[in-house]
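Keep the picture open while you read.

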Amino acid sequence: MELRNKVALITGGSQGIGEEIARTFAAEGATCAVVASSNIRKANKVAKELKRKSKGYVCNVAKPAEVNKLVDAVIKDFKKIDILVNAAGVFYPTAAGETKSADMNRMVDINLKGNWNVTNAVVPHMKGRKQGNIINLASVAGVRALPSYAMYCATKAGIVMMTKALATELSRDGIHVNSISPGNT
């Protein structure tokens with residue numbers, strides 16, 4: 001019960017790695033705000049299985065106004081956010097000379113800007129409390145090239161460097177920032 005009485009906001013928490021993080025955190029005592037990109041049923045299903053007063057939410061992390069509403073709702077519902085896990089992301093090929101601008105923009109908007117948008121919205125709350133933990137999901141692709149996945153690699157490399165910069169910036173405010181770089185999952 002290492003996370004007893006902690007509130008974790010987990011983007012991408014309705015499936016994949018984010019869902020498993022939510023399950024692990026709940027098993028350790030955390031209450032989880034499980035965020036899906038568009039399907040509240042998926043988020044609510046996971047939250048209900050977690051128990052511990054966890055709750056589902058929907059948010060497009062690429063849209064700052066939606067992110068701000070999400071963070072406000074989680075703080076209203078749980079009074080605090082102790083842990084932010086930025087696990088929302090997309091993965092698809094972006095071969096050079098074949099990728100449409102819309103596909104490239106979607107990848108950057110969700111994987112990189114989305115991570116920033118949620119962090120940017122949560123940090124003032126954590127600074128006010130002089131504590132917090134932010135965990136960013138990067139990827140082994142952030143340090144190792146994958147043919148036909150240049151944009152994915154670039155967004156995850158951006159997460160690695162963003163994490164380092166934020167860790168340096170926010171440590172004096174009692175906020176710990178780390179990233180995890182899994183391989184194929």
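## Strands side by side

Strand β5 (residues 132–137) and β6 run parallel, and six bridges join them. One of the residues involved is asparagine 133, whose bridge partner in β6 is histidine 176. Keep in mind that this is a predicted model.

Now zoom out to the whole sheet. It's an open sheet of six strands, paired in parallel, in the order β3-β2-β1-β4-β5-β6. Why is one side of β3 (55–58) and of β6 left without a neighbour in the sheet? Both stand at the edges with a single partner strand each, so there's nothing next to them on one side in the sheet. Going from one strand to the next, the twist averages 15°.

## Helices across the sheet

Helix α2 (residues 40–50) lies across β2 and β3, and runs at about 160° to β3. Over at β5 and β6, the helix lying across them is α5, which runs at about 160° to β6.

## What's packed inside

In soluble globular proteins, nonpolar side chains tend to be buried together. Here, the largest nonpolar core has 35 residues, and Leu9, Val74, Val122 and Ile134 have the most contacts inside it. Two or more residues each come from β1 (7–11), β2 (31–36), α3 (64–78), α4 (101–129), α5 (150–170) and β6 (175–180). There's also a second, separate core of 20 residues, including Ala30, Cys32, Val34 and Ile135.

Which residues does isoleucine 134 touch, leaving out those up to four places away in sequence? Among them are Leu84, Thr119, Val123, Met126, Leu170 and Val177.

Definitions and conventions. Residues numbered from 1 in each chain as written. Predicted model: local features only at pLDDT ≥ 70, side-chain atom pairs only at ≥ 80, totals over all residues. Heavy atoms only, no water. Core = buried A, V, L, I, M, F, W, Y, C linked by side-chain atoms within 4.5 Å. Buried < 20%, exposed > 50% of the residue type's maximum accessible area, 1.4 Å probe, protein only. Helix = DSSP H or I, 4+ residues; strand = E, 2+ residues; numbered from the N terminus. Contact = heavy atoms within 4.5 Å. Pairing = 2+ DSSP bridges. Axes fitted to C-alpha atoms, helices over the stretch in contact; angles between N-to-C directions.
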